[in-house]
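Hi everyone, thanks for coming. I'd like to walk you through one model today, so please have a look at the screen.

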Amino acid sequence: MEDRNEEIEPCRSIGPHELDVVKSQAVIKLSPVPLPAHFKRLECNTNLNLPPLNWLTTSHSSHGLHQALYQSAGFASFRLGQMFPDCVGEVDVVSDAENIKQLLKLPYSAQSAISMVVHKVGNTLLLDEFDIQKYLLRKADDDWKWLRTFILEHILTYGDTQHNYCLKERSREALQTKNLLSKFLYHSLKQTGEELDYDVATTPTQLTSRRQGLPITGPVLPEPKIEENVPDPKSSHAFNRNVVWTFEDIRMLIGTDMPIFGGPNRPCISLRLRDAAQPINVLTGIDYWLDNLMCNVPEVVMCYHLDGIVQKYEIIKTEDLPYLENSQFSPQVVRNVAQNILAFLKANATKAGHTYWLFKGRNDDVVKLYDLTTLCQSQSQTAEKSEGDPPQQQVNPFTVPVGMLLYSVARNMKNTLPRISPKAAGNIRALLDNCIKLLPKEQYPQIVSSSHYILSDLHVPAGIDPKAPKFEEDSDDQSLYDDDEEDEEDDYEDDLLNCDYPSEKSYQSSEQGGGRANVAVRHICDALRDFKSHAKKAKPAPLLATTAERCSISLEHISSGLSCLQYFNGSQEEKLKESETHAKQEEKQRILHEEQNPNMAKPFSAIPLPYEQLKLTQQQAVPALKKPSSKAKRSKSKELATTAKTKSSTASNRQLSAKFNTQHFGSWNVHLKLLLLEKACLTFATLAEQHYESRHYGSTLRFIELACRCQQVLNKYMANVVSQYSCLLGRAGDCFFQMSKHWEAIEEYEQQYEEQDKSVGVINDELSQELEGEEEELPTLAPVKNVEQVMLHSCKCYELALEHAQKAESNELLRRLGNVRNELGLKYMYWAQEEYSDVMKQKESVKAAGDTKLEDTQSSESVDPLYVKLTVNSYDCLRRGIDAFTAVQDNVNLAFLYCNMGRFMRLRAHLTMPNESAIALDTQKAFYNEAFNYYEKAKDCLDTRKANAELWDLVHWELSTATFTLAKQLQDYSAADMTSLAEASKEVLELLQKSLKLCDVEHPGARQVLYSFRSGLIHKRIASFHYSQLRSHGSCEFSQLPKATLQLCKYHYEKATQILEVLKETGELLVVQLERISLHEFLAELSTHPAQKIKQMQAALDICLQCHLIFAHVIDANSGQAADDEFAGHLTLFESRLQNALKTLTKLLLTGKDPKQLSKLYKRMYMETLTGKHGTGAQQSPATGSKHLHTLLTRLRAMCDAQLASD
């Protein structure tokens, strides 16, 4: 029957025309049938009325011909959207190809009826044929009653009600034509066993885009049920091809069943059967043209017949179809119609979730768009007002499928986008918000709670760092609803509204055109102009918010998701458990049956090996045995490689899905609850960090406590969950520590902790319900009005955090714990010092009051005083702090702790314990030696001053202070406590000299002046020590005194005088000068020769005269000394020593030789001191006495200068 050598004749009935290029491209997303079918040309006079042997077979080799003509697609857009959720939002329209053709033929089909439902999902319109007879008029009265009433009252009240709304031709003649076409297609199908001698790989329709498995980038979420995806779940129509068709700038996802054939010379053609007795009309020509464009088919083969007898074949190129005689049409008109209808629908069908009805009756001039959702709501409100009682809830059968599709598209977008920009997040948020509005949570709690989870994850994505959350910022990368694309569409709509359409003559090229062929199209253009002000698309706002706002919105969605859990059906869990039990029983029965009935090998029968893949490969390799070209080999190997990759990725996805599904714990209820609580834990942790940065420590503790409770619930269900306790409790420890440092705001922190909003309350209630009867793993984090307890809470939190921390985290936690231990140890130390001071004051007051309170005091002392406990606590905290920093080898902080421990030992050296009457000097020395050891350890940790100059200087200062203090203690009290005075003197001198070396007067800084003052005091004490050594020799002669000791004594007195004079330390300087005067008086007493006596007394007088600078400094300072009584006593003593020096010199010179007549001078000076004696005294202030002495010394110096001048 097949003629291979005869070429098909080209059609000769094509009129002259200029080539009108139409932009069209089709990409096959999924094609379940082999493509193309093998074409067999029928011989002339073949009787098509006789059915072929393979007619209406449903085998794989039939290429889907059995459903091309007889099956209705139903509401196909919902199934297409669920199959390819990645296309929804990217394309403009999703629909059956027949619906698209029906709309595009609108200018030439005034007598046809149009009835479609329109839904908006994102930026995509879903179009489906809506057969009024099938879905309304033939159903029970209760089904869609509100819509039936509206149609009968408003739509079908005029004209021929029987045929005005009829969409399809159902006459006998039409059915016979379909049957004949079906037989022709099966006749033209080449049988499987016949030879194939052309390369299939070169067909243009092989441009496919395989749908990859949904990558699992997050936890598994519930899938909508099949019956919930579409309004007609019983319909299972699967298109032969699912195509993304780009027509001009309109992108459409369509399903088509058009058969495609291929032959040896024509690899891709479409077959059409035409009655040779009837001409082709314009609607048929548009039908053929659009079918070929939608499938990228370049040619159509026409088979002409007379009464079912094949006459001839003709071939026509797709671009020539608009110019066939008697069926001419303008491709530009079809393009304009497509663009105008799309713009019209997008300008009016703007509400997501609403069901719109696009309707045009037969012979109508107007295409109308009704918002059925709004009509349903208004009708319900009218019925409620008229009847008084609330009417039965009107059910829109499209609401649930639309909501499910919104959920599927949003979930797919969330899981497949490599980077979710703010625009994409805004689009996903808009989709899920509409999904939640459409689906009642009482009936679909799984989907609604999953939607809330995705929304919470959009605002607070998994994997962010709560301490430094980074969210995607807006960029120039194109996303789902690109601004540039939208601007282009707006400009394009303006062009459409202003364009000039072809004249009526061009529309009336067909017999059926009539004079009103373009009335419906012009009405759409008029409607577009009317709606132009509302035609701007409501673009979803990008998701841009602060971290606090994101967390707040995330918590709202988490609480809403948790509130849906109460609507989960417990019977679902029971059914799941029953199915698992049933499956286990079946498996046991199968194993038992195999054991009882072993599969024995039969003689003379080969045992088949289940190598299915090899069989499949051999079948695929059959066409390749005929010397395929190298190009075909390359394409085949590439396809096999792609298939292998796809299978491996699919297998890995299945394994990952199975891994996630093991976490369902037998029910979606628990699974979704854990997902929401896990997100709540992350959100609370992020909020806690935000409040911590803002110093809202009470709010931080509240959110950390909630996060810890979420973590406890997660640990209850999942053993391998990553614990966040270490981070959370570490931050809680930080909060308590910061509270102790900002104690004045403790009431504000308590108020912050008590605050709670509604969403947090719902989550907290759920946590309380889950943890009811469980032991709380963590203590409460409520702040208290006790700084000691707050700091102890801080330590407790750090210790608990260390129990859950990894090795990398433990070092930082140990540092923070050591820091708090140090601060708490210091506080205990200061409190102990204050408490000890108060106890000593009380004892002094008791002694002053007498023995009346002695008995009460003794009874109270039976219990250890508070300062003893504080001292023990201080030592314990500092010791633990040292252990913490030693563990992490933090030498700087360890040196700081050693320094504080040295300070503690110095304090302990001066504390009297309850069982001690007084502190022994040996005990003090022991504690001071401990302090010295700690200071040396601190220096060893730092090694050199370069490591940390500030801390080094602090340790050095503390060591210098400790050494000097101990030296003072031994010097002042050693005579009473030690038997060996020589050893004590040596020890005191060594300590003083060591303390002098530790005075760092070289490095500038805040302590340089203090070091200088201390060095002056040390020089004074060393000089006093040597002076006491001189006096210890008793009443020996001057010549018998040790010269070295005398020289050292004078040297240190002079150094002390120089230093204190520079620092203007008048009080200490006056004491030094008085001691120097006393030294010279002592030396004068020991001198046996009068000249030596006069020399020593003159030296004492010179020192007295030098003291006028001291009194000048006192006058300049204009204030007395701190110890007024002591300084006043020193003034009186100074004046007496001055008079004594003058009096002694006068006597000595009168009894001996006086060549310079100095006795008269000293006598006058002595009389001068006596003249003003009544003006001095202890009753006067130090300032007054200083002025008097300054004036006196000035006069005496003047008298001396006058005497020297006369000499």
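Let me start with a question: which charged end sits over the ring of Phe471? The residue is Arg550, and its charged end is 4.1 Å from the centre of that ring. Keep in mind as we go that this is a predicted model. There is another contact of this kind, where the charged end of Arg702 sits over the ring of Phe703, 4.5 Å from its centre.

Now to the rings themselves. The structure holds 21 aromatic pairs. Take Phe247 and Trp289: their ring centres are 6.4 Å apart and their planes stand at 80°, so this pair counts as edge-to-face. Phe247 belongs to strand S7 and Trp289 to helix H7, residues 282-295, so the pair ties together parts that are 42 residues apart in sequence. Both Phe247 and Trp289 are buried. Elsewhere, Phe75, Phe130, Trp357, Phe359, Tyr370 and Phe398 make up one aromatic cluster.

Strand S7 brings me to the sheet. Eight strands form an open sheet with mixed pairing, in the order S2-S7-S8-S4-S6-S5-S13-S14. At the edges we have S2 (24-30) and S14 (368-371), each pairing on one side only. On average, neighbouring strands are turned by 25° against each other, direction ignored.

Let's zoom in on one pairing. S4, residues 93-96, and S6, residues 124-129, run in the parallel sense and share three bridges. Within that pairing, Ser95 stands opposite Leu127 in S6.

Finally, helix H8, residues 331-348, lies across several strands of the sheet, including S4, S6 and S14, and runs at about 105° to S6.

Methods. Residues are numbered from 1 along each chain as its sequence is written. This is a predicted model: local features need pLDDT of at least 70, side-chain atom pairs count only at pLDDT 80 or more; totals for chains, interfaces and linings use all residues. Side-chain values use heavy atoms; hydrogens and water are left out. Two strands pair if DSSP finds at least two bridges between them. Helices (H or I, at least four residues) and strands (E, at least two) are DSSP runs, numbered from the N terminus. Axes are lines fitted to C-alpha atoms, for helices over the stretch in contact, and angles run from 0 to 180 degrees between N-to-C directions. Contact means heavy atoms within 4.5 Å. Rings of Phe, Tyr and Trp (its six-membered ring) pair if their centres lie within 6.5 Å; planes under 30 degrees apart count as stacked, over 60 as edge-to-face and the rest as tilted. Buried means under 20% relative accessible area, exposed over 50%, partly exposed in between (1.4 Å probe, protein chains only). A charge sits over a ring if NZ of Lys or CZ of Arg is within 6 Å of the ring centre and within 35 degrees of the ring normal.
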